[in-house]
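Work through the exercises below with the structure open beside you, and try each task before you read its solution.

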Amino acid sequence: MTLAPASVAALASRGVKVPTYDRAAVGIGIVHFGPGAFHRVHQACYVDDVLHSDPRWGICEVSLHSTGVRDALVPQAGLYTIAILDEQSSFRVIGSVKEVLVAPESPSAVLERMVAPTTTVVSATITEKGYCLNKEGGLDFSHPDVAHDLKHPEAPKTFVGFLARALRIRHDRGLEPFNAISCDNLADNGHRLRRAVLEFVRSSDPSLAAWVEKEVTFPCTMVDSITPATDDALRARVKEALGVEDLWPVQREFFSQWVIENKLRGPQPDWASVGVTITDDVAGFERAKLRLLNGAHSTLAYTGSLAGYETVSSAMSDRALATFVRQMMLEDIRSGLAAPQGLDLDRYIEAVLRRFSNPTIRHLLSQIAWDGSQKLPFRILPTIAENLAAGRSIARLCVPLAAWFHFIRWMVRHDRQIMDPLAAQLTELAKSCHGDVAHDVGVFLGLEKVFSGELARNTKFRAALENAYARLSSVDSPARLSEALAGIG
Ligand code: CS2
């Protein structure tokens, strides 16, 4: 038997937290792009809390590519389980998903939801690559899906294309615009989304640009909860706990944080009432999280993988690696950060390291290693640029980059699939490497979509990167990693 509305009442008696509001009375007020695991453990969970006091905010989920989530959730009437993994793990059934649409199957159904007067929030978790941005942070007009959407605005493929089309229709129908909320790990995510939409509209629908510029809000956000991908072990665990099968449960740590910029317009869920921070200073929170947590994650992903570790917690059990990451956070990253009100950076760093060491979370390094070409420019390069300008050390900060180069070479040597939009180019680059440090580093620095010309030509940066690359070149075990890290920083 699978999870269904009829099984919910019995679950409460098994100690499972279930929605106690009337789901039939829930209306759709939010359209969300990217119903992946992170969104379902994070935003959809906050919304589930809101629905206990305000039924207007059910979610219409939109998948831009795959049918997987739709095919799993529709037979369960949108219900799914979150496993909250901690010393005391718990299970919760979420009822906030009212509908799941697959955009390529029916772009018009998606647009209809986006232009409904009751829809005041359109949000997204589509990963860094989903915004189709170029290295300068603007819209990448050479991206095939962007080119498609400019030609076929009525049937978009991209999030930006859907926003532009829906805003056009709302404008023509005299409706207020919705709030467009990016919930992805991009620096200044709201500003980048706004710029991409304006550039798209200016090139395809210039008469709408002034209205979008003046009327539409794109709040920045910071989102945080460690969310390992769903696996069979989780499915089995949920089945045991619930007594029914959930076709696509999700899992996360106990910790969850959401910070939204204080510029939302029109009717909204009472986010603050369910623990969301609404503030004018999102940038401080976002920089701290992206650079300290996500920067350290990428460092662990590439160095830990080279040493043969599989999970974040196992990599953190390596004393040399854990010490290295802690020093990089405290000495190289923290010094360039301005703490937002209410956030003690030292305590934040210790809390992040404790979260990484949580043994109940099986977070694969290989999952974090995805999309290095998209993630490292937000997580590591800004700190390197600022430290170079301020005369602060960059020695340790070059380790995640050099480790990424070695990781890509290892993947190619072992014929493993590289999960990255630049996979083909990275594979060619790796094949052209032969172990000469200056040559190999030069090859990777030629990645124009990742490294600016200015940074690639910076002799201090190049020297530090070559040093890290040389020291990591024979790492294939924890002992070799410990030796390599000992000489850096
Ligand atoms: C991780 C993030 O996969 C990754 O790149 O660094 O998903 C990280 O777990 C989240 O941002 C935590 O909030």
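For the sorting used here, Ala, Val, Leu, Ile, Met, Phe, Trp, Tyr, Cys and Pro count as nonpolar, Asp, Glu, Lys and Arg count as charged, and the others, Gly among them, count as polar. Keep in mind throughout that this is a predicted model.

**Exercise 1. List the residues that surround the ligand, and sort them by class.**

Solution. Begin with the list itself: the ligand is surrounded by Asn185, Asp224, Ser225, Lys289, Leu293, Asn294, His297, His363, Ile368, Lys375 and Arg379. Next, apply the classes to this shell, which gives 2 nonpolar, 5 polar and 4 charged residues. Leu293 and Ile368 belong to the shell, and Leu and Ile count as nonpolar.

**Exercise 2. Find polar side-chain atoms that lie by an oxygen atom of the ligand, and state how much of the ligand the protein buries.**

Solution. Take the contacts one at a time, using 3.5 Å as the cut-off for a pair of N or O atoms. In Asn294, a polar side-chain atom is 3.0 Å from a ligand oxygen atom. For His297, the distance from an N or O atom of the side chain to an oxygen atom of the ligand is 2.7 Å. Lys375 likewise places a polar side-chain atom 2.7 Å from an oxygen atom of the ligand. Then turn to the surface: the ligand taken alone exposes 340 Å², and the protein buries 90% of that.

**Exercise 3. Describe the pocket in which the ligand sits, and name the elements that build the shell.**

Solution. The ligand takes up the space of the largest pocket. In the shell around the ligand, two or more residues each come from α11 (282-307) and α16 (372-379), and α11 gives the most, with 4 residues. The pocket itself has a volume of about 1600 Å³, and among its 50 lining residues Thr125, Ile126, Thr127, Lys129 and Trp370 lie nearest its centre. Elements giving two or more residues to this lining include β2 (58-63), β8 (221-224), α11 and α16. By class, the lining holds 19 nonpolar, 19 polar and 12 charged residues.

Note on methods. Residues are numbered from 1 along each chain as its sequence is written. This is a predicted model: local features need pLDDT of at least 70, side-chain atom pairs count only at pLDDT 80 or more; totals for chains, interfaces and linings use all residues. Side-chain values use heavy atoms; hydrogens and water are left out. A residue is near a molecule or strand if one of its heavy atoms lies within 4 Å of it. A polar contact is a pair of N or O atoms within 3.5 Å; within protein, one must be able to donate a hydrogen and the other to accept it, and residues adjacent in sequence count only if both atoms are side-chain atoms. Accessible areas come from the Shrake-Rupley method with a 1.4 Å probe; for residues, only the protein chains shown count as cover. On a 1 Å grid over the protein atoms alone, a cavity is a set of points where a 1.4 Å probe fits but cannot get out, and a pocket is an open set with protein on both sides within 12 Å along at least five of seven lines; lining residues have an atom within 4 Å of a point. A molecule sits in a cavity or pocket if more than half of its atoms lie within 2 Å of its grid points. Grid points are joined across faces, edges and corners, and a volume is the space filled by probe spheres set on the points.
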